[in-house]
Amino acid sequence: MAEDKTIKSGKEKKKGSLLLQIGIIFGIIFIVTIIVFAIIQVAGNTMTYLEAKREYLTPILKNTQEQEEKYINNLEWFTRYWREHPVEVKQAAPSSSISDMDAYLEDSAMVVSTMVTPAALDELPEDRKLRVAGIAYANFNSYLSLSQWQMTNEQIYVVDVNKDTLGFVYEYGEDVDRNFLHLGEMMWEEEEDIPQAILDYSEGKTTEIRFERQESRKDGTYYYLGFYPVVKNGEILYVIGIQHDWSEYHSRLIRNLIILIAINVGILVISGFFLLHFVNRAALRPLKKVQYAVRNYRQDKDSSEVIEKMNLITQKNELGDLSDDVSDLVIEIDRYNEENTRLIGERKRVEAELTLAAGIQRGVLPKVFPVEKDYELFASMTPAKEVGGDFYDFFSIDETHVGLVIGDVSGKGVPASLIMMITKKLIHQYAMEGNSVTEVLRLANLAICAENEKEMFVTAWFGILDRTTGKITAASAGHEYPILRDGTPEFRLMKDRHGFVLGGMDMSRYRDYEIVLPPGGVLYLYTDGAAEATSIENELFGTDRMLDALNQDPDLPPEGLCKAMVDAIDVFVGEAPQFDDLTMLCIRYNGWEQAGE
């Protein structure tokens with residue numbers, strides 16, 4: 001619990017209003033939606049409008065081209081002559097008062113006649129050639145201004161796209177002066193204002209009808225341009241252009257868009273107010289009730305007050321379900337606290353009983369080790385829990401014989417401890433009656449099997465030391481192999497004869513064997529908690545490491561050897577928990593003769 005409080009206290013939170021956050025998010029989403037809608041609306045309306053205008057202007061441009069084909073034989077000559085004499089041709093155009101009407105009519109007939117060839121026109125004298133060119137220029141103007149402009153109500157002009165004379169303009173429209181003649185002038189003041197279609201025609205990239213938008217020109221208007229080239233012998237003589245001014249439509253579109261945005265913003269404010277009011281009333285107020293109820297419960301632990309406040313939340317939605325869940329939760333917490341209080345009391349009682357059992361267990365294991373000249377002995381038991389199932393014992397049978405016992409009960413805790421004490425008592429009792437080691441184990445096995453309702457078993461090793469000779473007569477009931485140093489420089493593992501475990505089968509029989517310890521010989525006994533000690537990497541300590549630990553200094557006394565083994569196991573295990581009891585018994589035989597000195 002202390003760790004949870006530390007984590008909570010370190011949490012950084014920024015105080016803020018959920019209602020304000022919802023309002024901001026709603027406003028952002030709505031504004032973004034309006035902007036996207038406006039962009040789509042403007043783009044869509046503009047595209048639809050210009051596509052319709054394209055459909056309208058395309059047949060007009062094609063009709064103009066068809067009309068031009070009537071004069072195609074003369075157009076090349078007129079165009080070339082206009083390029084060479086733009087000022088003179090403009091001045092030669094007939095005015096409202098014509099002095100020589102006969103000459104004018106004759107030259108006019110020559111201009112409109114499709115039978116006159118450029119070669120015939122070239123043979124005319126210069127003054128008459130200039131007058132013919134002026135008449136053609138005026139007729140061309142009349143054709144454009146009357147037939148096309150009146151029909152389309154658009155501004156019409158002609159552009160010379162010859163690279164050397166680019167900019168030749170012949171223009172007429174609603175906003176153009178009635179004198180409309182701009183021969184030899186450039187319609188666009190800056191090169192970057194020249195439509196891309198005109199540049200493409202000038203470079204010969206295309207001869208098709210082209211449409212193009214010009215927006216935000218210097219005069220602040222928006223134009224939609226349509227172009228059609230007049231071609232002869234693969235050469236573009238000039239380009240007819242129709243210019244549609246859609247600035248008014250664009251302005252109206254933007255104005256309507258602004259009005260639409262203003263209306264939507266108003267809708268945003270009104271709907272946002274009602275939305276936030278609804279959220280506050282339907283969600284935030286109930287949530288605050290839940291919050292206050294939980295906070296009060298943390299302070300006074302009064303579940304009835306929480307349930308009363310939760311009953312005031314009557315919404316039939318997730319908030320209503322939440323209030324019911326909070327009510328159920330505090331009820332469960334109360335039950336848990338009651339159960340936890342009971343369990344704590346029970347745990348304390350069990351802990352007290354375990355402490356008592358551990359004290360009893362420690363009391364039955366001998367702690368005072370004999371101080372004799374002919375032998376030295378030391379033993380220890382470290383339980384994995386409060387009480388364990390391992391045991392050891394040593395006792396004098398008579399003046400020259402000592403009983404040695406070590407055992408391991410299956411399982412842990414109080415049941416194992418009880419079986420341990422029973423087994424230890426049985427072996428001690430049967431040994432003191434003068435039975436052999438095999439008979440002692442047989443009788444103990446029969447007694448345990450008779451009362452073994454829990455079906456627990458015991459591994460045990462029992463031996464009797466003859467103090468006068470150093471001979472140990474022993475028998476094993478499935479116990480670990482002894483470790484022996486019998487006159488050799490180092491300890492070795494002795495693989496003795498094994499019988500079946502105690503408490504397994506009542507018909508089990510056991511065989512004895514002998515170990516002769518010379519003066520200085522050592523016998524080391526242990527339970528599986530030593531060999532099976534496990535490291536944090538899940539690796540076993542094993543008998544090889546046990547031998548290494550003992551052979552580090554084999555001349556140590558029994559207590560020193562046991563301590564060296566415990567230290568080696570602790571270093572190997574590290575932070576890993578102890579899973580099994582750790583018990584060992586070590587005896588060094590010094591010789592009976594030494595004892596008699």
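This is a predicted model: local features need pLDDT of at least 70, side-chain atom pairs count only at pLDDT 80 or more; totals for chains, interfaces and linings use all residues.

A: Residues are numbered from 1 along each chain as its sequence is written, and side-chain values use heavy atoms, leaving out hydrogens and water.

S202 sits in helix α8, which spans residues 196-202; helices (H or I, at least four residues) and strands (E, at least two) are DSSP runs, numbered from the N terminus. Once neighbours within four places in sequence are set aside, S202 touches V161 and K163, where a contact means heavy atoms within 4.5 Å.

Now for the wider chain. Of its 597 residues, 43% are buried, and the fold has 17 helices and 15 strands. Among contacts with a separation of 6 or more, 67% link residues 24 or more positions apart.

How confident is the predictor? The average pLDDT (its confidence in each residue, from 0 to 100) is 78, and 74% of the residues score at least 70. Residues 176-181 fall below 50, yet that stretch has 12 contacts in the model beyond near neighbours in sequence.

Elsewhere, there is an open sheet of 5 antiparallel strands in the order β7-β8-β9-β10-β13; two strands pair if DSSP finds at least two bridges between them. β7 (390-396) and β13 (512-516) are the edge strands, each with a single partner, so one side of each has no neighbour in the sheet. From one strand to the next, the twist averages 20°; axes are lines fitted to C-alpha atoms, for helices over the stretch in contact, and angles run from 0 to 180 degrees between N-to-C directions.

Within this sheet, β9 (residues 458-466) and the antiparallel β10 (residues 471-477) are joined by 6 bridges, and D466 has K471 in β10 as its bridge partner. Two helices meet the sheet as well. Helix α12 (residues 413-432) lies across β7, β8 (401-409) and β9, at about 20° to β7. Helix α13 (residues 437-450) packs on the sheet and touches β9, β10 and β13, its direction making about 25° with that of β10.

Conventions. Buried means under 20% relative accessible area, exposed over 50%, partly exposed in between (1.4 Å probe, protein chains only). pLDDT is the predictor's confidence in each residue, from 0 to 100.
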